[in-house]
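Here are a few notes to read alongside the model, written with your next look at the coordinates in mind.

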There are 2 protein chains.
Amino acid sequence: MRARLYCERCAVRQTSLCSEVSDEAARELVPIAHHRRIPAGQVIQSDHQGLGWLAIIVSGVVKLVKAQKDGRLQIVGLQYPADFVGHPYLSKNSLVAEATTPLELCCFSRTAFENIMRSHPSLEQALYRRALSDLETAREWMFLLGRKTAREKVASLLISMATRVAPPPACGKAAELPSRFELPLSRIEIADALGLTLETVSREFRHLKDAGVISTAGRRSINILSPAMLHTLAASD
Amino acid sequence: MRARLYCERCAVRQTSLCSEVSDEAARELVPIAHHRRIPAGQVIQSDHQGLGWLAIIVSGVVKLVKAQKDGRLQIVGLQYPADFVGHPYLSKNSLVAEATTPLELCCFSRTAFENIMRSHPSLEQALYRRALSDLETAREWMFLLGRKTAREKVASLLISMATRVAPPPACGKAAELPSRFELPLSRIEIADALGLTLETVSREFRHLKDAGVISTAGRRSINILSPAMLHTLAASD
DNA sequence: ATTGGACTTTGACCCAAATCAAAGGCGCGG
DNA sequence: CCGCGCCTTTGATTTGGGTCAAAGTCCAAT
């Protein structure tokens, strides 16, 4: 199984980098991989001067936060298992990446990784494709922020989180919503992702529960009672 | 002058692709370049099945629009002279690119361009960097959509358009706001870029004029009377 | 120069979501 | 098992920006 090529403990799912690069590139990556665990809430890269590392998420969720000095902040990206964290050729980005749940990472030192990238176009291309996919995600999110109502925003985020947190669908099958999943974000974080306040998020959760679309157990468990209704409320075309 | 390498009529400014790739790559690109003019308002790529072309903007502005069937729409990107339009390895994107002003493009057929890209890593890397830069722009924009007030949104967009529409600053100098520039967007387009309505945009223009920050001449000419005040109102940190 | 139509401005009113305020409940450490 | 914080819910009120409506302008084609 090729996923093992990276690193013994990296049971990263099929979609990860391993299946996108040439065998030689993968073989060179193995020895420079190392694991790391990060507790929830910890910042994972301030990344001064291009130092630090790049990583593939093995388990857990990372939020990318853009903040202003006046205290306002907006979550501008969520990275799930198999996603890449950090960018080579770092554009001194003004982002903070933070674990929203306990995290398992498969890390590569930045310089070693960039060296392999230079000699293996397939690796560079794989990252390029990921950047394009991130861009597409960001633009979809821009539509949500600019044009959707609070209700649609919450429904959309629930769908997107449920899809990404669930195990990947069998090859060739469309992704389906799980009937139950764990929220990787608190109410405040959901609000910061959607450009809302936590009170509004809470009220929309209440509405979804009253409408029989979802039910909750504890603070983080969500049951999706009516996937069809949820999709309708999300109004994603 | 290296800019000429691309194509005789491509007086694309210094920042463009030409200065970012190897000489050999640039030499291969020249023969496949061709020019095209596009009137304002015209859609420039629906790009079915990866056909069509990729282009560098020589003059004019392109808006990237994401629309839903219910009529809501959001501008999710603006491309200015020297920017790239379209993505290789096209991720069948759900975007429509449209000229907001008359446009001059330097076009490359998609397949020819991708072939050159495969044999010239410097070209691929240049596009990768552009994608990362687009991503950074998109995330900045997400903050604006999610967390800024109408006034801050309008001020921010004015600054960004004024900066990009102006001639590039002398090497080593910081970009400075021109005292006068032409808006590349109508009021409706500004509203669609900022997640507002055209009425709100109009009212914020009025406020900026009353406050002596800008003045207008005709529908599209803007005079920046107080760049400092404009920056303050934009609240970009 | 005239004129028609689209773009823009302005005004009046309304509503979705923010803000302010106060309980309530989950879960962790003792 | 208990109690204390913090996260979350709920309620009351406010408000920024949206909606609806009407007048005013720019400008391109006649």
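1. Chain A is built from 7 helices and 11 strands. Please keep in mind while reading that this is a predicted model.

2. On burial, 54% of the 237 residues of chain A count as buried.

3. The contacts of chain A reach across the sequence. Taking contacts between residues at least 6 apart in sequence, 71% join residues at least 24 apart.

4. How does chain B relate to chain A? A rotation of 180°, with 0.0 Å of shift along its axis, superposes chain B on chain A with an RMSD of 0.0 Å. The two copies are therefore related as by a two-fold rotation axis. Both copies also use the same surface, since 100% of the contact residues of chain B recur in chain A.

5. Which parts of DNA strand C lie within 4 Å of the protein? Of those atoms, 58% belong to sugar or phosphate, and the rest belong to bases.

6. A backbone N or O atom of A:Ala150 sits 2.7 Å from a phosphate oxygen of DNA strand C. For B:Arg219, a polar side-chain atom lies 3.3 Å from a base oxygen of DNA strand C. The elements giving two or more residues to the surface near DNA strand C are α6 (198-210) of chain A, along with α5 (187-194) and α6 (198-210) of chain B. The largest share, 4 residues, comes from α6(B).

7. B:Thr100 is found in the loop between β7 (96-99) and β8 (103-109) of chain B. Is B:Thr100 buried or exposed? Its relative accessibility is 7%, so B:Thr100 counts as buried, the cut-off for buried being under 20%. Beyond its neighbours within four places in sequence, B:Thr100 is in contact with B:Ala40, B:Val61, B:Val62, B:Lys63, B:Pro184, B:Leu185, B:Glu189 and B:Arg220.

Definitions and conventions:
Residues are numbered from 1 along each chain as its sequence is written. Chains are lettered from A and ligands numbered from 1 in the order in which they are written. This is a predicted model: local features need pLDDT of at least 70, side-chain atom pairs count only at pLDDT 80 or more; totals for chains, interfaces and linings use all residues. Side-chain values use heavy atoms; hydrogens and water are left out. Buried means under 20% relative accessible area, exposed over 50%, partly exposed in between (1.4 Å probe, protein chains only). Contact means heavy atoms within 4.5 Å. Copies are superposed by least squares on the C-alpha atoms of residues with pLDDT of at least 70 in both. A residue is near a molecule or strand if one of its heavy atoms lies within 4 Å of it. A polar contact is a pair of N or O atoms within 3.5 Å; within protein, one must be able to donate a hydrogen and the other to accept it, and residues adjacent in sequence count only if both atoms are side-chain atoms.
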